[in-house]
Amino acid sequence: MLEVSGLSFHYQPHVPVLTDLTFSVLDGEIVGLLGKNGVGKTTALKLILGLLPLEKGSICLGNYSLYLHPIQYKKQINYVSDSHDIYNNLTGKEYLNFIADMYEVSSETRGKNYTPLIEAFQVEKYLNSPIKKLSHGTKQKIAIIASLVNDPLLWVLDEPMMGLDVEAVQVLKELIKSRAACGKSVLFSSHILEICENLCDKIVIMQAGTIKKTIELRGNSSYILEDIYLEVVNDVPME
Ligand SMILES: Nc1ncnc2c1ncn2[C@@H]1O[C@H](COP(=O)(O)OP(=O)(O)OP(=O)(O)O)[C@@H](O)[C@H]1O
Ligand SMILES: [Mg+2]
């Protein structure tokens, strides 16, 4: 279980981006993080990943706190970023091996974890090309594959459907469901309400750098997410 408690963060003095952000992701739960452009979703995900320094608040995953046990904490997590430009000079295969090395995954296990994903996303033919020569969607598929090498307890994805073709979106949706079905947690940001509605157990809507509303969707199809979302982000009083 991921527990995020009282996070505050700013990039520039006196310009808060996150204020007292608190939410959780249970084991086996799929949680969607929604909110307007610039509200702080990517910033919150980067803090959870330990990519930005924790200023205030606490983040725990499973038995480990990010602050107290950063290495053990980070070994249990993996992610798909919203941009892939930093590894442009590696080939797809080198990138997959680099991520597996970072997580100290043996060659036997990385083969077992990668092979079905390479097949599902049909990217075998691109793996010997430098990443900079690949299309956005192909880079995204390779990033998704790499992010599952350590069988993470928490899988974090920042707008993962962006630029994927229809087949790849289907593959990704099935992967997200299958992670949850085996008790692993998934947290992703998105602007696509239909996908969130179909996939998520819980929706967390951010506004003004904090959580404005949490909606439990599991088993409840009577919600119309678009109406609720627009009410929340436009600050319309709810009935
Ligand atoms: N490196 C940075 N330095 C300064 N300000 C930043 C930096 N990164 C983000 N910000 C600011 O922090 C705020 C939150 O940005 P963030 O990228 O977290 O939003 P977001 O909710 O992910 O938006 P989007 O839906 O467009 O992806 C924005 O005002 C943004 O301009
Ligand atoms: Mg973002």
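**Close-up views of the predicted model**

**View 1. Ligand 1 and its protein shell.** An oxygen atom of ligand 1 lies 2.8 Å from an N or O atom in the side chain of Thr 42, a polar contact being a pair of N or O atoms within 3.5 Å; within protein, one must be able to donate a hydrogen and the other to accept it, and residues adjacent in sequence count only if both atoms are side-chain atoms. Taken alone, ligand 1 exposes 640 Å², of which the protein buries 58% (Shrake-Rupley method, 1.4 Å probe; for residues, only the protein chains shown count as cover). This is a predicted model, in which local features need pLDDT of at least 70 and side-chain atom pairs count only at pLDDT 80 or more, while totals for chains, interfaces and linings use all residues. Residues are numbered from 1 along each chain as its sequence is written, chains are lettered from A and ligands numbered from 1 in the order in which they are written, and side-chain values use heavy atoms, with hydrogens and water left out.

**View 2. Composition of the shell around ligand 1.** The surrounding residues (a heavy atom within 4 Å) include Tyr 11, Val 17, Lys 36, Glu 159 and His 191. A polar side-chain atom of Asn 37 is 3.1 Å from an oxygen atom of ligand 1, and a backbone N or O atom of Gly 40 is 3.0 Å from an oxygen atom of the ligand. Helix 1 (residues 41-49) supplies the largest share of the shell, three residues; helices (H or I, at least four residues) and strands (E, at least two) are DSSP runs, numbered from the N terminus. The shell has three nonpolar, six polar and three charged residues (Ala, Val, Leu, Ile, Met, Phe, Trp, Tyr, Cys and Pro count as nonpolar, Asp, Glu, Lys and Arg as charged, and the others, Gly among them, as polar).

**View 3. Packing of helix 4 on helix 6.** Helix 4 (residues 107-121) and helix 6 (residues 166-181) pack at about 145°, their axes 9 Å apart (axes are lines fitted to C-alpha atoms, for helices over the stretch in contact, and angles run from 0 to 180 degrees between N-to-C directions). Leu 117, Ala 120 and Phe 121 of helix 4 meet Ala 168, Val 171, Leu 172 and Leu 175 of helix 6, contact meaning heavy atoms within 4.5 Å. The residues of this contact are seven nonpolar, no polar and no charged.

View 4. Four strands form an open antiparallel sheet in the order 2-1-4-5 (strands pair if DSSP finds at least two bridges between them). Strand 2 (15-25) and strand 5 (64-65) each have a single partner strand, so one side of each is left without a neighbour in the sheet. Seven bridges link strand 1 (residues 2-12) to strand 2, and Phe 9 stands opposite Leu 18 in strand 2.
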